Amino acid sequence: MPGLAQAFEWSDDAECLRLLERLRWPQGVECPWCGSNLISRFSVKAGVRENRKAIPVRRLYDCLNPGCRHQFSVTSGTVMHNTRVPVWKWLVAISLQINSSGKLGARELQQELRVSYKTAWSMTHRIREAMEECGLVEVNFDPRRKPPVKQNAAAEVPTAQRLLG
């Protein structure tokens with residue numbers, strides 16, 4: 001799919017984060033720790049690191065539940081958490097992995113997204129692990145190991161919600 005990455009490339013990060021927010025919380029933002037919908041939104045200003053690399057604006061949420069008070073972002077608790085890869089590249093990588101049933105290799109992802117092999121490998125493994133946890137794909141490296149009996153309970157939740165937290 002040579003055109004998929006280019007289709008997302010024009011999207012700014014804010015637009016991708018809004019899409020991710022709608023996919024993750026269709027009924028509105030809720031705290032991943034306590035489930036409360038009493039949320040405050042705020043942004044942390046952009047800046048410059050000592051090595052002169054830019055720090056982008058971070059959009060965060062505060063849980064207003066007195067018993068919780070956690071801070072989180074739309075990527076908290078997902079495969080995208082704690083990475084510097086732009087959100088649009090994650091969305092393309094997830095889409096490519098789902099369409100290939102988890103068989104897309106790190107080299108193909110590296111070429112599609114124009115990232116380093118190390119980044120592509122890390123993304124591939126994070127996505128595959130999440131897909132395996134959701135029951136979307138089974139990673140079977142031992143040919144003597146029999147596959148477990150599949151339960152269809154995970155089919156009730158949409159795929160995007162299962163992968164995105």
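This report walks through the fold, the helix packing and some individual residues of the chain shown above.

The model is predicted, and local features are given at pLDDT of at least 70, side-chain atom pairs only at pLDDT 80 or more, while totals for chains, interfaces and linings use all residues. Numbering starts from 1 along each chain as its sequence is written, and side-chain values use heavy atoms, with hydrogens and water left out.

## Overall layout

The chain holds 6 helices and 5 strands. Along the sequence they come in the pattern α-α-β-β-β-β-β-α-α-α-α. Of the 165 residues in the chain, 35% are buried. Here buried stands for under 20% relative accessible area, exposed for over 50% and partly exposed for anything in between, using a 1.4 Å probe and protein chains only. Contacts between residues at least 6 apart in sequence join residues at least 24 apart in 58% of cases, where a contact is heavy atoms within 4.5 Å.

## Aromatic rings

How many aromatic pairs does a search of the whole structure find? There are 4 aromatic pairs. Rings of Phe, Tyr and Trp (its six-membered ring) pair when their centres lie within 6.5 Å; planes under 30 degrees apart are stacked, over 60 edge-to-face and the rest tilted. One of the pairs is Trp25 with Phe72, an edge-to-face arrangement at 6.1 Å centre to centre and 70° between the planes. Trp25 sits in the loop between α2 (13-24) and β1 (39-44) and Phe72 in strand β5 (residues 71-72), so this pair ties together parts that are 47 residues apart in sequence. Trp25 and Phe72 are both buried. One aromatic cluster is formed by Trp25, Trp33, Tyr61 and Phe72.

A charge also meets a ring elsewhere: Arg107 lies over the face of Tyr117, 4.3 Å from the ring centre. The criterion is NZ of Lys or CZ of Arg within 6 Å of the ring centre and within 35 degrees of the ring normal.

## Helices around α5

Two packed helices are described by the angle between their axes and the distance between the axes. The axes are lines fitted to C-alpha atoms, over the stretch in contact for helices, and angles between N-to-C directions run from 0 to 180 degrees.

Helix α3 (residues 87-99) packs on helix α5 (residues 117-134) at about 55°, with the axes 10 Å apart. That makes α3 oblique to α5, given that angles under 35 degrees are roughly parallel, over 145 roughly antiparallel, 65 to 115 roughly perpendicular and the rest oblique. On the α3 side the contact involves Lys89, Trp90, Ala93, Ile94, Gln97 and Ile98, and on the α5 side Met123, Thr124, Arg126, Ile127, Arg128 and Met131.

Helix α4 (residues 106-113) packs against α5 at about 115°, with the axes 8 Å apart. In this contact Ala106, Arg107, Leu109, Gln110 and Leu113 of α4 meet Tyr117, Ala120, Trp121, Met123 and Thr124 of α5.

## Individual residues

Here are some residues side by side.

| Residue | Relative accessible area | Class |
|---|---|---|
| Trp90 | 1% | buried |
| Ser76 | 9% | buried |
| Trp121 | 44% | partly exposed |
| Arg114 | 55% | exposed |
| Asn82 | 71% | exposed |

Trp90 belongs to helix α3. Leaving out residues up to four places away in sequence, Trp90 touches Val79, Met80, Thr83, Val85, Met123, Arg126 and Ile127. Trp90 and Cys16 are 74 residues apart in sequence, with 9.9 Å between their C-alpha atoms.

Trp121 is part of helix α5.

Where is Ser76 found? Ser76 is in the loop between β5 and α3, and it touches Arg24 and His81, not counting residues up to four places away in sequence.

Most residues other than glycine have a negative phi. Asn82, in the loop between β5 and α3, has a positive phi of about 65° although it is not a glycine. Arg114, in the loop between α4 and α5, is not a glycine either and has a positive phi of about 55°.

Note on methods:
Helices (H or I, at least four residues) and strands (E, at least two) are DSSP runs, numbered from the N terminus.
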